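Please look at the sequence and the structure before reading on.

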Amino acid sequence: MVEGPMSEIRYSRRLSLWQVMARGLGVMVFLAIFVLMGDTVATAGPLAPVVFILAAVLMLVNTLGYVELVTGAPDANTRARRGLSRVGGAYVQVHETAGGWLAFITGWLLILAGLGVCALLAQGFARQVTTLVQDHLRLALPAWPWAAILVILSATNNGLGTQGRRQGQAIVLLMVIFLGFALLATPQINLDYYTVTRLHWKEMLPLLMVPFVGVEVMAGLQGEMRRRKTDVARVLLLTPVLGAALVATITAVAVGVVGANTVAGSPVPLAWLGARLLGGAGRPFILVAGAFGLALAFGSAFMQVTRQV
């Protein structure tokens, strides 16, 4: 690993099941509802929640492979005696079982996938900030400087993503807030908005697999869990299910309240829901909370990439 801030990442040994789940959920949920929702609704219309659930079902098939690998891996003491590397995600497991070119390809695919997710999260963060600035200061600023600021701050943060308890609590709080917004808006749902006008959901399905890189984030943290042997399988299986349920619920409410035509292609789809629910205060609140959530998710995804390097 290159010397510098990234080589000084500190590893926690006290992460609980919920703290690890929160990091994976943060990547999955925030990427889906703030970055991919608009394009998904534009492609699948009111069927967007169903597409998110289908993506989760497909991901669970892949997750079963993770569970089989990680539950059969030796514990930390055994690994130390054998001179093995610390437990981790897919690359570590493939390196130990197959090695060679397969491990090399797996590692680079994970790095590229992680970089792609980081780019999407940074883009979403920049959209939230630029929309907020444009709404209140009437300034049309480019998005890239804000994305660059997020990357620089994350890259210079020693121990990025290791503040397990506080980061997990913040992610859970934000998800509760967004889910609460959705539930409070349910009385305003217009069933006419659920009329299916397009059935091109298959075009969006491959892209919707991207948020589930959160599974790799959690798998990479398994060596830092308090009760790895008992909790890692629960984390890997429960998180995609919970993430899909949250995303599908929020998406379904957003479509039912503001309409698929409004959500479709919008760079800030949840801001419309906030404005409908709380008026003038709702839109900036969602934009600020969304930017914060995306920044936290970026930290988790960026951490996963740096650990692969």
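The sections below treat confidence, the nonpolar core, a helix and a serine.

## Confidence in the model

The structure is a predicted model. Its average pLDDT is 80, and 76% of the residues score at least 70. Over residues 1–11, however, the pLDDT is below 50, although the model gives this stretch 24 contacts beyond near neighbours in sequence. Residues 158–162 also stay under 50, with 18 contacts beyond four places in sequence.

## The nonpolar core

The largest nonpolar core comprises 76 residues. Phe30, Ile33, Phe178 and Leu270 have the most contacts inside it. Helix α1 (residues 17–44) supplies the largest share of this core, 17 residues.

When neighbours within four places in sequence are left aside, Phe178 touches Phe30, Ile33 and Phe34, together with Ile250, Ile286, Ala289 and Gly290.

## Helix α12

Helix α12 spans residues 269–278, and its buried residues are Pro269, Leu270, Ala271, Leu273 and Gly274. After α12 comes Gly279, which has a positive phi near 70 degrees.

## Serine 266

Ser266 lies in the loop between α11 (260–263) and α12. Because its relative accessible area is 11%, and buried means under 20%, Ser266 counts as buried.

The side chain of Ser266 reaches the backbone nitrogen of Val268 at 3.2 Å. Leaving aside neighbours within four places in sequence, Ser266 is in contact with Gly38 and Trp272.

How values were computed:
Residues numbered from 1 in each chain as written. Heavy atoms only, no water. pLDDT = per-residue confidence, 0-100. Contact = heavy atoms within 4.5 Å. Buried < 20%, exposed > 50% of the residue type's maximum accessible area, 1.4 Å probe, protein only. Helix = DSSP H or I, 4+ residues; strand = E, 2+ residues; numbered from the N terminus. Core = buried A, V, L, I, M, F, W, Y, C linked by side-chain atoms within 4.5 Å. Polar contact = N/O pair within 3.5 Å; in protein donor to acceptor, adjacent residues only side chain to side chain.
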